[in-house]
Structure formats: C-alpha cells, structure tokens
Amino acid sequence: KRGEFQTFINYNVKLFIEQYSNTKIGPGLCCGKEGRMYSVTVTHGTRKHLISFGECPSPTTEELAMEIEKVTQVPLSQQKLIFKGKQLEIGNIELRSLKVAPGSKVMMLGRQLNSESEAVKTEIMKVKSEGEKISSKISDLEDQLSGIHNGHLPSELQGETLARIHKQCIGTVEHIMKLLEQLDSLQTSDQSMRQLKRNTVLSTQKLLDRCDKMMEKL
C-alpha cells in the first residue's frame, strides 16, 4: 500500500510540474535515498527539459544521454553534456560521482541528424553489422588454422581442411572489399558522419589484415 501511495504521489507531482513549468518530463520518476525525486534540468538551445529517472537512485551519464535523445531526437553520439563549464564523459559513470545532484542543470550541445545524414548513418551501420559477422567468421577460421598448426587434426585430413579454409578466406576478402567499396561511395558533409565512416573504414580494413595474415600462414 505504501508503494502504491508513493507511486500516486510521484505521478501527480509529474503532472503538476509539466502543467505549471512548461517543461516535459522524461519517462519514469525516481526518488533518491532521502525520498527526493532524482531529476535533472537539461537546456538545449532555448528549450528546457526536466529529465527524471524511474527506480534509479544513481543514474549514469549514458542513461541521461539516452533520456535526452528521447525528448530532443538528438542522437547520443551527437551530444555534448556540459555541467558547470566542464564536458561530461558519456558512459557508465554515475551522475552523483560527478557532483550532478538531483535538481542540477546540465547543458546539452548537439543537433538532430538531417535526412541525408540519417541515410548515411543507416548504410554505415549496415556495414558495421556485416563487419561483426565477418569478424566472427574470421575468428572461426583462425581457430581452425591454429588447431591444424598445433597438430589437433589428423595429417590425412589437413590438406582438404586447409584448401577449404583457403577458399573461405578468399570469399571473405571479396566480401570485405565490397563493404569498403560501399563505404567509399557514401558522401556526406556532416562531420560526425564522416568520422563514423572513417572509423568504420579502419575497423573493416583490420578485418582485411587478419585475412592477409591467415593467407600467409596457409
């Protein structure tokens, strides 16, 4: 009963704040150890957003950024959080440890992605997803090759297995080259998307390097 009464009080406090402060409260409410509602006011341009957390007495900067994304549509990767003149690192870092107490004000710098940037990001994320699958496949091939070199496979089976690994390795290299071509075809003026593309190119090239090392061992 006590818990239901507290939920009722929190809900009505939320409605009161939204009605009379002209600010929008993010999903969820939370009372800290002393029963205080853990909320942070975030300014973005000329707008203010009251972000509150449900059942989380000590939220992290990443959780704050995720809530900000919901109410502003500014992607987490595009956000810069400023508190008392210093930029907050976004990650698994508790707000309390950074002296961001309930009721604090945090400024967010960032902008929404336009349709062009969204399209580019979608294509880049597709390549990243394919890269993760390829990385798993390469790891499997590396384990097989290592097993052969360590004598874990009978000698009469090694020739056929090495030939199969070689064929799969060539196919993987061709797949990686196609992904690099896809990345190269993506054009954008958005600096953050260009950086994301650059990082994805580097990670994809590392997959190619792993294949080259396997080919040398073969």
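**View 1. In this predicted model, helices H4 and H5 are roughly antiparallel to each other, because their packing angle of about 160° is over the 145 degrees that counts as roughly antiparallel.** The axes of H4 and H5 lie 10 Å apart. H4 passes H5 in a left-handed crossing. On the H4 side, the residues that meet H5 include His166, Cys169, Ile170, Thr172, Val173 and Ile176, as well as Asp184. Their counterparts in H5 include Lys197, Thr200, Val201, Thr204, Gln205, Leu207 and Met215.

**View 2. The largest nonpolar core has 21 residues.** Two or more residues of this core come from each of helix H3 (115-149), helix H4 (155-185) and helix H5 (191-217). H3 gives the largest share, eight residues. Ile134, Ile138, Ile176, Leu183 and Met214 have the most contacts inside the core. Of these, Ile176 and Leu183 in H4 and Met214 in H5 are also among the residues where the two helices meet.

**View 3. Surroundings of Ile134, one of the residues with the most contacts inside the largest core.** Apart from neighbours within four places in sequence, Ile134 is in contact with Thr172, His175, Ile176, Leu179 and Leu207.

**View 4. Strands S2 (residues 39-44) and S3 (residues 47-52) form an antiparallel pair.** Six bridges join the two strands. Within the pair, Thr41 is opposite Leu50 in S3. Two residues lie between the strands of this hairpin, where Gly45 has a positive phi near 65°.

Conventions:
Residues numbered from 1 in each chain as written. Predicted model: local features only at pLDDT ≥ 70, side-chain atom pairs only at ≥ 80, totals over all residues. Heavy atoms only, no water. Core = buried A, V, L, I, M, F, W, Y, C linked by side-chain atoms within 4.5 Å. Buried < 20%, exposed > 50% of the residue type's maximum accessible area, 1.4 Å probe, protein only. Helix = DSSP H or I, 4+ residues; strand = E, 2+ residues; numbered from the N terminus. Contact = heavy atoms within 4.5 Å. Pairing = 2+ DSSP bridges. Axes fitted to C-alpha atoms, helices over the stretch in contact; angles between N-to-C directions. Parallel < 35°, antiparallel > 145°, perpendicular 65-115°, else oblique. Left-handed = near helix turned anticlockwise from the far one by under 90°.
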